[in-house]
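I opened my notebook for a friendly look around this structure. Here is what I looked up, entry by entry.

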Amino acid sequence: MPDQRSIWERTYNRKGFVAISALTALTAACGSDDDGDSAAGGTTTETTKELGGTLHYYNWADYVNPKTYPAFTTATGVKIKKDFFVSNEDLQAKLQGGARGYDLAAPTGYMVKILAEADLLEPIDWAKIPNATKNIDPKFKGLPFDPNDEWSVAKDWGTTGFVYRTDLVKEKPVSWRDFYDLATGPYSKKVTVLDGAPEVIGSTLVMLGHSYNSEDESELEQAKQEMLKLKPHLLAITSTEYKQMAIAGRAVLSLGWNGDGAAVAAKKPAEYIVAEEGGEFWVDSYVIPTGSKNPDAAHAWIDYVYDPAHNAVETEFTYYGSPVKRDLLKPVIDPEVFNNTDVFPEPSTIEKLEANAISPKGTKLRDRIWTEFKAA
Amino acid sequence: MAGRSGVGGPRYPAWLALPGAAWYALFFLGPLGIMAVFSVSRREGYTDVVYDFSLENFRYLWDPLYGDVFLRTFGLATFGTAATLLVGFPFAYYLARYARRKTLLLLLVIVPFWTSFLIRTYSWLIILSPDFVLFRFLRDIGVTGEDFSLIYTREAIYIGVVYNYLPLMVLPLYAALERMDWTLVDAAQDLGDRPLTAFRRVTLPLVLPGLIVGCLLVFIPLTGEYLIPVILGGDLTVFAGNLIAQQFLTARDWPFGAAIAMVVIGAMTVMILAFTRLAAREEQYGG
Amino acid sequence: MGRRLLGGWAVLVYVFLYAPIAVVVVFAFNGGRQVLNWEGFSTKWFGEALRDPTITEPFRNSLIIASGNAVAAAALGTLLALALPRMPRLLRTPLDALVYMTLVTPEIVFGISALIFFVQIGIPLGMKTVLVSHVVFNASVVALIVRARFVGMGQSLEEASYDLGAGPVSTFRQVTLPRLAPAILAGSLLAFTFSFDDFITSFFVSGAGTTTLPIRIFSALRFGVSPVINATAVMILGLTVAAIVLAYLVLRRTDQARRRAAVVPGL
């Protein structure tokens, strides 16, 4: 198998996932008990540490199975307080802005690097997370944004592509070029893109045959021109509402993430596509922000979710790939999810993707383009 | 200590203003001051801010792209002010002159604003949705076409703006109109003025101060509005407020964001100083 | 004729103002989760909202902050209102300008400046920073309202009080303050409302542990309108209306009492 390390960097702004239902489900589920998942086979470790205290979890919304919270509390006695952010930059702005007291967060890889360099993270003590040490797929260790695994432990991974309603779109788009052509053509005003400069600019760059992370001004200028042509045909720029819009049929083409795509496909006839030309590949990781009041609880959570049975529960909810070894997951996870290539893309799919590794110069150039794009 | 006589209530010593002034100095001017410092700093790497005095940010801002954004913001603020004035003035007039139970009616204007601003604005998204009763009805009776949709459009932003800023215009207008002596208007008409002329010559001058306050209360905050364009406009348009928020939340270029903010603050300060000088003169020479 | 037209316009404006409120209320009672379909009457969302600590805790925070802020704003604002009218022009114009500035500065600008300020100075973000920031603009609200009342009040009663030999402090306490009370109350009420509903400033200066209700609502709404949130809004609306009605009744009673007392010969 080819060395996939370079692909494991990622970049992008990931914003939360959908659903009212998530939040209401969250509130509903907080009262209910989890139906005991069968832990047949696999290496199930008992998390018997009775810790008490509170875990303050700052996370993407709709990113944890609501059942996991009470289950964790039952297992460890730790109560959970949740706050949600909508983008990595939100998280960064808050932490840089002096917010202290979060015990656990789950930013995307490139943000892990930024936060680590800004001294906003506390080190991970792998001795406290035996489950992770044992069950993590070695591919997810030593990732480029954290080569010594000092600051982060992988949470899940995914791709950036687009989802389209197969019943409302006659054609079968397979590339970014298709996406653009259909958006500026027959499906004008029924298209959304993510509210993220790296994703939209990156995907356009890739369509033109350049690198997702390019900082070449002429290449970026080309991408900008394409984007400006696309702008008048957009229904909205959103990272949080496109799932809903796609399900409602108001949007038929949406630039987005694989998990959301799979979620739409589960409800309506739709397909998530990783574009032919390429796209982005990302990993989200657990980190412990500076100023954490209960790092032990944070470690306990990581350990808890690295139990394959618990991880399966997570993956079945979020539809994002799990970093736990595949063979450990197999016995405990819903086979449909396990075999869903949107959730667990094939290596061949991943090969053509890049991870976010945009330099400060690249970021500044992209900001400018993004402003122009939005102001158009 | 407290002296006597003079218009304007009993005389109280100026040092009573000290606590308030100190609070402003510390928690308002302080922040703005630091913002000013940031606007002449620059970003280094991904997160650091370096304080060497440089006007680079402002130079970067001097560009048709950003000029467009400011122009568009000015346009929105002007539209909002004009629209709330057009909608709010007849309303305030009716309330002040003809209505009974004025306090109740006035309260009824404010009550909707005790729900959260966010919820009110999101509700407009529902009302304007093509799948909701309003537009389904309009489509059924043929007033609007099949594909007509207002959500995530400029028009939706305008509706949201007028909705949320209306009370800010109505309240000062009402306050000014309420103090009017309507017999003056009647007298003018008795003396031969047509209603509109009476309005122009009698009512308008007396109402002007309230009108100006209303305009200021709407115009200035509107220049920084950014949630309504995001929620109702699908985040498809950039105004000054969005630009600033973007720099801080997404682009992480705080110095640049600070520079944009300084421009907005500068424009605002000029307007306010002009207004307070005017108002002070009014107070002195009667009004 | 003109009067009728204007009346019609007023009605239209009220419809416009209450349209979203109606939507919120109706869908708070909607049995179904999807906002666009009516699925029967139900009050379950209210129960859910009340049982949900991620809603009740921010609600409590908002209440505490808004109340503290109302008290501080009332104190600072009233003092400002008393001192401003008679200040020498050199001091008064800048202070006046400041009062307006704090009111009209776009929140995005103020919120971010406050954040940077607190961070640079090293003040930890949390309930206190939110409260302190809210007082900045709410003191101005109170100042403006009280000043308007104060300036229009006339001084005959105060002068009479001095004539009768009362000192400035007791005159203030027994004559001026009661007359200013309605304005101070109105100002405090507005200050409370603005603080309770504040989002942008609070968002920036609240730090990690403090979620206010609007912030919580925002996180929920990013992902679509939710019936639980609607229910929460309706409850808050109900509470505020009740509070206002109560205040109105109390004020009317004391007003009547005072008017009756004033008829007593001698003053």
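**Confidence.** I began with pLDDT, which is the predictor's confidence in each residue, on a scale from 0 to 100. I need it here, as this is a predicted model. For chain C I found an average pLDDT of 84, and 93% of the residues score at least 70.

**Where chains B and C touch.** I saw that 74 residues of chain B and 78 residues of chain C take part in the contact. On the chain C side, helix 1 (residues 2-28) gives the most, with 15 residues. I sorted that side of chain C by class and got 57 nonpolar, 13 polar and eight charged residues.

**Helix 8 of chain A.** I checked the length of this helix, residues 217-230. Its 14 residues should span 20 Å at 1.5 Å a residue, and the end C-alpha atoms are 20 Å apart, so the two agree.

Which residues of helix 8 of chain A are buried? I found Leu220(A), Ala223(A), Lys224(A), Met227(A) and Leu230(A).

The face turned away from the buried side carries the exposed Ser218(A) and Glu221(A). Last, I looked up what the buried residues of helix 8 pack against in chain A: helix 6 (176-184), helix 7 (197-207), strand 7 (234-237) and helix 16 (360-375).

Technical notes
Residues numbered from 1 in each chain as written. Chains lettered and ligands numbered in written order. Predicted model: local features only at pLDDT ≥ 70, side-chain atom pairs only at ≥ 80, totals over all residues. Contact = placed C-beta atoms within 7 Å. Helix = DSSP H or I, 4+ residues; strand = E, 2+ residues; numbered from the N terminus. Nonpolar A, V, L, I, M, F, W, Y, C, P; charged D, E, K, R; others polar. Expected span 1.5 Å × (residues − 1). Buried ≥ 20, exposed ≤ 12 C-beta atoms within 10 Å, placed from the backbone.
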